[in-house]
Amino acid sequence: MDMRSADFQQDFFSLFNLPTRYQIDSIALEQSFLALQAKVHPDKSSHLSEAERRLSMQWATRVNEGYQTLRNPLDRARYLLSLQGVHTLEDSNTAMPVDFLMQQMEWREALEESKQTKDISALEELEQHVQHEVSILQQQLAADIDDTRDYAAASGIVRKLKFLEKLAEEIGSAFDELDT
Amino acid sequence: MALLQIAEPGLSAAPHQHRLAVGIDLGTTNSLVATVRNGISTVLNDIDGCAMLPSVVRYAADGSVQIGQTAQAMQVDDPHNTIVSVKRFMGRGLKDVGEVGNLPYRFVDAPGMLQLRTSAGVKSPVEVSAEILKVLRERAELSLGGELVGAVITVPAYFDDAQRQATKDAAKLAGINVMRLLNEPTAAAIAYGLDNAAEGVYAVFDLGGGTFDISILKLSQGVFEVLATNGDSALGGDDFDHRIYCGVLEKAGLSALNVHDTRLLLTHARAAKEQLTDYPQTQFTAVLSSGELVDLSLTREAFHEMTQNLVARTLQATRRALRDAKLKVSDIKGVVMVGGSTRMPQVQHAVGEFFGQAPLNNLDPDKVVALGAAIQANVLAGNRSGDDWLLLDVIPLSLGLETMGGLVEKVIPRNSTIPSARAQEFTTYKDGQTAMSIHVVQGERELVSDCRSLARFELRGIPAMVAGSARIRVTFQVDADGLLSVSAREMASGIESSIVVKPSYGLSDEEITRMLQDSTQHARDDMVARALREQQTEAAQLLEAVDNALQQDGDTLLDADAQALIRASMDALRAVIAGSDHPAIKRAVEALNLATTEFAQRRMDQSVKRALAGHKLSDLEG
């Protein structure tokens, strides 16, 4: 018998019935998500009492939030660290290794240049470079959180990934701009 | 399981009876209503056998209102008072509506949403849309032989909050209980997916009379998950007509036409467009009010050329949707074509070329949205469990707040699965600041001025503190209709002040009541009677729901006393339900809702536990 409480306060890993780790089984996550939404989605309760409809909306919202948090690697890392009482201080701690900052500047220049020259293939190349760097950092994050439990190092990587996430967003907007 | 019958005399929706629910496609050009009968989704025709109701409303000088074909027939003769394509004005201000100069209406600028001056007075697009919805409601009630429990109304996926709210207001005004606002491409995907047992990632390309949507959906084992959506809520068949119209003006050397001639040429332009779907060439012939003859030939090639940038805009949105879904063209298994404007050969060709496969046209592009909405309505009304499929939709445009310097801080990003909520904390800018102005916007751009302003409100009574030490938590909640509500609360002081806002363009309940009274002054009694019946129906449904819940879980989740308390509230409601004391019924419904809150929570907890308990097994097996 399943003794876990379906308490609204439980953490997302318990909610989705997953071990509290950075490396997760994404298929299991998706299956849990769909199994939960199949029960709690507002479409399932629209003909029920007002109390049940309200609860259903709250639960469906929470399940969506949890799915979003666990599915996105950066959000998942941030969330895991917060469960450990570690804050990633992305707004206040902006100290970065010099080589990382140099790389950022280089990429930002490349972004500006491909925007000005309307060079789609340069933009695609840049996107691939960034994506590659992101996956390397994600691997380090997995090792720092799941294996060595070095949360300070993990926080540093989260801050780096935040930079890269912003850059990736700007690359996305640049694609949109060039496509008008 | 034996079920207790709670039949009350005089109620239209007796328990366990099939509940009358419909899907409504409120289109720019045509509107339809459909329902599920004997398990099959069917479009309902009018008494003449027509399924499509032209979305045209005429306010005649004698005060009468014509809707549909009869109004459409008058659009050239009475252009000021005959409103076509009103959907393009829903939730829109005057500055949002391009090419106003070419439209034969007397616009009135109003905060939030423009209005139209007609011979029957100034009308809001919400009122005009409500006239169309009323005809469809009456058609459905006549055809199904009873009052509707509710309707699912479709909206373009790319409709923003203002446009959605306006649509919901129109339904309210038409006396329709909106069970859900459903995105048009998603509705089409339901109809298509259930019909074809489709699995995989599909694109729904929906080009209607006035709006364009592209949605990317993952269909698997009865789950319809929208991965991304994009579009343009001001791009549709009307724009193709307009290109022909402009081409004709140019070729014939015409300028500054009167409103009759403008409407005449636009009507002919639409006919020419439709001709060019089937023929390589057509003749454009019209006699202007001056007696001047316009007689031009138009080839398909010329038409394609003058509209190629419209087609290009649809593909641009399609590329964005794919990028947001993190997918490539080769990941798309099929492209479902929806909306009458997808009949145009240049659209078919461009979509086929883009996706590298022939688009799917096996469902009637005019009807598929209404058919899908009816299937959803049937489930929401409780006629079918709906356990076998699940619909997960997204918001089309990011929601955010204005921060310092007129910049937008995104709170809920586009393509978030709904319902969705997110809180963001803000702080004060000055020492001793006691109020904060909160400006909610929707859109993708960085500057507030480039986004749509949804609402402004002030949070007052913040305790005076040093700058940066107050903590204002602003929470955005988007419901399953894609509609937003916002609340704000000061956290640091322990004093909580909270406000819930509805976006400012939305009509207040008082305004809707006034509109209802204006439009049906002579039918006030009917209105009261209708409201009573609706309350009774709602009460009967609640009794049934609670009764079912008690039978399923009463003994396991509640002790005898708790059950007795709920039963007492049920008896109290039963005692008043058949009477005409509307407030008494309402009070008893509220009391029963309150009495069942704890029970509902326990049921939900149990259901969540079961969802994963069952899932655990399959994990082990897998």
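**Exercises on a predicted model**

In this predicted model, a hairpin of three residues links strand 1 of chain B to strand 2 of chain B.

**Exercise 1.** Work out which strands pair with strand 1 of chain B, and in which sense each pair runs.

*Solution.* Begin with strand 2 (residues 30-37) of chain B, which runs antiparallel to strand 1 of chain B and is joined to it by five bridges; within this pairing, G23(B) has A34(B) as its bridge partner. Then turn to strand 11 (residues 150-155) of chain B, which pairs with strand 1 of chain B in the parallel sense, over five bridges, and here D25(B) is partnered by T154(B).

**Exercise 2.** Explain why strand 1 of chain B can be described as largely enclosed by the rest of the structure.

*Solution.* First sort the residues by direction: A21(B), G23(B) and D25(B) point one way from the strand, while V22(B), I24(B) and L26(B) point the other way. Next apply the cut-off, by which a residue is buried if 20 or more other C-beta atoms lie within 10 Å of its own. Six of the six residues of strand 1 (residues 21-26) of chain B are buried, and the strand is therefore largely enclosed by the rest of the structure.

**Exercise 3.** Describe the make-up of chain A, and set its radius of gyration beside that of a compact globule of 180 residues.

*Solution.* Start with the elements: chain A holds seven helices and zero strands. Finally, look at burial, where buried residues account for 34% of the 180 residues in chain A.

Definitions and conventions. Residues are numbered from 1 along each chain as its sequence is written. Chains are lettered from A and ligands numbered from 1 in the order in which they are written. This is a predicted model: local features need pLDDT of at least 70, side-chain atom pairs count only at pLDDT 80 or more; totals for chains, interfaces and linings use all residues. A residue is buried if 20 or more other C-beta atoms lie within 10 Å of its own, exposed if 12 or fewer, and partly exposed in between; C-beta atoms are placed from the backbone. Helices (H or I, at least four residues) and strands (E, at least two) are DSSP runs, numbered from the N terminus. Two strands pair if DSSP finds at least two bridges between them. The radius of gyration is taken over C-alpha atoms; the globule rule is 2.2 Å times the number of residues to the power 0.38.
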